Each structure stands twice: as C-alpha cells, then as structure tokens.
Amino acid sequence: MKKFEIAVIPGDGIGQEVVPAALDVLRTIAEVHGGLKFEFAEFPWNCDYYLKNGKMMPDDGLQILQGFEAIFLGAVGNPAVVPDHVSLWGLLIKIRREFEQVINIRPAKLMRGLQSPLANPKDFDMIVVRENSEGEYSEIGGRIHRGEDELAIQNAIFSRKGTERAMRYAFELARKRRGHVTSATKSNGIFHSMPFWDEVFKQVKGDYPDVETASYHIDALAAFFVTRPHIFDVIVASNLFGDILTDLGGAVMGSIGIAPAANINLNGKYPSMFEPVHGSAPDIFGKGIANPLGQIWTAQMMLSHFGEDEIAQKLLDAIEEVTADGVKTPDIGGSASTREVSDAICSRLKAL
Ligand code: NAD
Ligand code: IPM
Ligand code: MN
C-alpha cells in the first residue's frame, strides 16, 4: 500500500468549498485504486487566521509543511479584510519562493461537453510553463518621498539560471507532447529583460533541434489564445505573462473555474504545491456553486506528479464524462452545485 501524506490548506473563500469536494474525489480514488492511501493534514491558514494572529501562518509553518509529500491548496485572499499583498506574500508566494517551486505548469484544453466562448473552436490542448520564482514578482525596489512627489520603483529580475530553467522545462515537456514550444516575449517594448529572454530562448532551442518553436509578443499571443488556441502546444512565459495567459486559458476553456495548476519543486528538497489557477472568488463564496473542476483537475496533476499516471488518466476521463453528461456549475452553463459535480465524478470513478 503506497501512502501519501498531504498538507491541505483550503485558504479563503471558495477554497473552503472546492477543496473538500476535491478531497472526496481523492478519497474515492484511493478506494477505487486499492493500492493507494492518502493522509490529509489540514491547516487553517488564511485571512481569518491573520486577523486572530497577525500572520498568515505560524512562524514554523514552513517547517511543518516541509515534512509532507505535497501541498494541496485552494485559494488565498480576502481583500475586504486583509490587503492582497500581505495575505499572498505571507502564505502562497512565501511557500512558492521558500520551497523553490520554480516552475508553474498550467494546462488548458477543450473538454467534452463544454462550450468554449469561442464560436467553433478547433480542438485545443495547451500548457503554459510559467517561470515561478522571479521576473516581475520581486521584492526589489522601494518607495521614496511620501505624498505628492512620491516615487515607487519595482525591479523585475531575470536571471540566466531562472530563465533557462523554465525554458528547458518547456522543451522537455514538449518532447513528451506534440513537440512545439512558443515563447512569450515583449522585446519590442521592454528594453532589457525581454531581449535577454529572446537570447536565452535562442540558445536553449539550439539544444532541442527536434522541437519546433515560435515566438510572439505577449499582446499578439494573448489575442491568438482567443482566435487560434489550437496552434499552441507548450508556451513558456515569465511570471506575470504566465499569470495573465493562464486566466485567459481558463476563459477559452469555458471558465477560470476549470483551470488547474502545479507549482513544481525541481530539486527534490521541498514539496511541490498544487492549487488551481483561480482565486477565492468572494463574489460567489458561500453559495455552493463554485466550480470544483479546477481543484479536482489540480488533484489529477498531483497524482501524475506522484507517478500514478494510470489512475490520473482515469480521473481526467471521469471529469470529461461528467462534463459531457451536462453536470455543470453555473459558470459553464449548468445548474449543478459544487457537490453535485464532485459526487458525479466520484460515482463515475466507482463505476470504472
Ligand atoms: P478570482 O479567480 O477569485 O475570481 C475571478 C472571477 O472568476 C470571479 O467572478 C469568480 O466568481 C470567478 N471564479 C473564480 N473561480 C471560480 C470557480 N471555481 N467557479 C466559478 N467561478 C469562479 O480572482 P479575483 O476576484 O481577482 O481574486 C479574489 C481573491 O483571490 C483575491 O484576494 C486574490 O488576490 C486572490 N487570488 C488567489 C489566488 C490563489 O490563491 N492561487 C489566485 C488568484 C487570486
Ligand atoms: C495565481 C494568482 C497569484 C499570482 C496571486 C494571487 C499572487 O493570481 O496563482 O495565478 O499572481 O501568482
Ligand atoms: Mn493568477
């Protein structure tokens, strides 16, 4: 019996609704598989915790998490009570940074039974490799002269190591898929970092002559996500470009509520973290209608990460059978609740 110990952080808002739904699916996976066991340890770290304790997690929070095989997270943020830069840098971004989860992989594909807002989309199945440790998300900079003459400087950081690492990950991934990598650049407008990005891409691509490539400026690329998503296989992007592109990837699938993600630690020193692309959706929290597919597909990525490819594929099939059956939450045109969708997926898994 293989056992996986998983730290669970539901977080804020709909994280508290979609995480329990996805945990039920994982429990069903264990039951159906027979040779797998999950042990979930739940941590109540979120904005309520901050209001009580003045911090997003205990001082030894990272030490606690380090002992786990993986972290399964819902969403963090409740801007009505805690400013986002405080809550996110105190928990989500802190874990990503300290645990060297340097790559963020985020797929988007056309699912059976889902209507993409694109009129008649050709079949698409793409995956964004987002640089997850530097780029535009940096603490370098500062503010001076409060008031009228105030000035804020925010430095973006692009190291050769980090840039190359993300690109190599994308090329390796493309080799396992359809053999195509697109680089998201903006070397026409951003003077230093993006020409550097292009140079590194050119160098790395030299090591992968079997992989085809393309390079588009981020603005054009964003439009192509809508007008011709089928041309993409793997897209490699900086931290901010990858962030924006993957909400768009969610949108062209039908809803951001479907989009999954994995924060990958490559050196094996720390656990990887699995959390969907979407946030805590305060506008729908408490209504029981949050789409759990993003969180459940994220669980599927965690199973693949554990090397459990067979059961992971079964879960993806079960998700698509349920969408094809029309069991959908309102964001994708249905009337089912969060729990009706996760229950339908559990029933499918049991029927396999
Ligand atoms: P959001 O992703 O929470 O919501 C954007 C829109 O998408 C909303 O209209 C929401 O109702 C809808 N939506 C999101 N997930 C959905 C789901 N599963 N089913 C149905 N509809 C869904 O983004 P936001 O409103 O910009 O951010 C809200 C909070 O979440 C902020 O505090 C933000 O910083 C935080 N956030 C956290 C994460 C994370 O923890 N990974 C990611 C993004 C945003
Ligand atoms: C995401 C989120 C986070 C990010 C925010 C909440 C800091 O939008 O995971 O996509 O920008 O990385
Ligand atoms: Mn985002």
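Domain bounds, as used here, come from an automatic or database domain assignment. For this predicted model, the assignment divides the chain into domain 1, formed by residues 1–105 together with 259–352, and domain 2, formed by residues 116–253.

The C-alpha centres of the two domains lie 24 Å apart. Where domain 1 and domain 2 touch, the contact takes 10 residues from domain 1 and 15 residues from domain 2. On the side of domain 1 that touches domain 2, two elements give two or more residues each: the helix α5 (92–98) and the strand β4 (103–109). The largest share of that side, 3 residues, is contributed by β4. Sorted by class, this side of domain 1 holds 5 nonpolar, 3 polar and 2 charged residues.

The chain as a whole may now be considered. It contains 12 helices and 12 strands. Its radius of gyration is 20 Å, close to the 20 Å that the globule rule gives for 352 residues, so the chain is as compact as a globular protein of that length. Along the principal axes, the C-alpha trace spans about 55 × 50 × 40 Å. Of the 352 residues, 46% count as buried. Among contacts with a separation of 6 or more, 75% are accounted for by residues 24 or more positions apart.

Finally, attention turns to ligand 2. The residues around ligand 2 are G77, L88, I93, D243, V277 and G279. By class, this shell has 3 nonpolar, 2 polar and 1 charged residues.

Terms used
Residues are numbered from 1 along each chain as its sequence is written. Chains are lettered from A and ligands numbered from 1 in the order in which they are written. This is a predicted model: local features need pLDDT of at least 70, side-chain atom pairs count only at pLDDT 80 or more; totals for chains, interfaces and linings use all residues. A residue is near a molecule or strand if its C-beta atom, placed from the backbone, lies within 6 Å of it. Ala, Val, Leu, Ile, Met, Phe, Trp, Tyr, Cys and Pro count as nonpolar, Asp, Glu, Lys and Arg as charged, and the others, Gly among them, as polar. Two residues are in contact if their C-beta atoms, placed from the backbone, lie within 7 Å. Helices (H or I, at least four residues) and strands (E, at least two) are DSSP runs, numbered from the N terminus. The radius of gyration is taken over C-alpha atoms; the globule rule is 2.2 Å times the number of residues to the power 0.38. A residue is buried if 20 or more other C-beta atoms lie within 10 Å of its own, exposed if 12 or fewer, and partly exposed in between; C-beta atoms are placed from the backbone.
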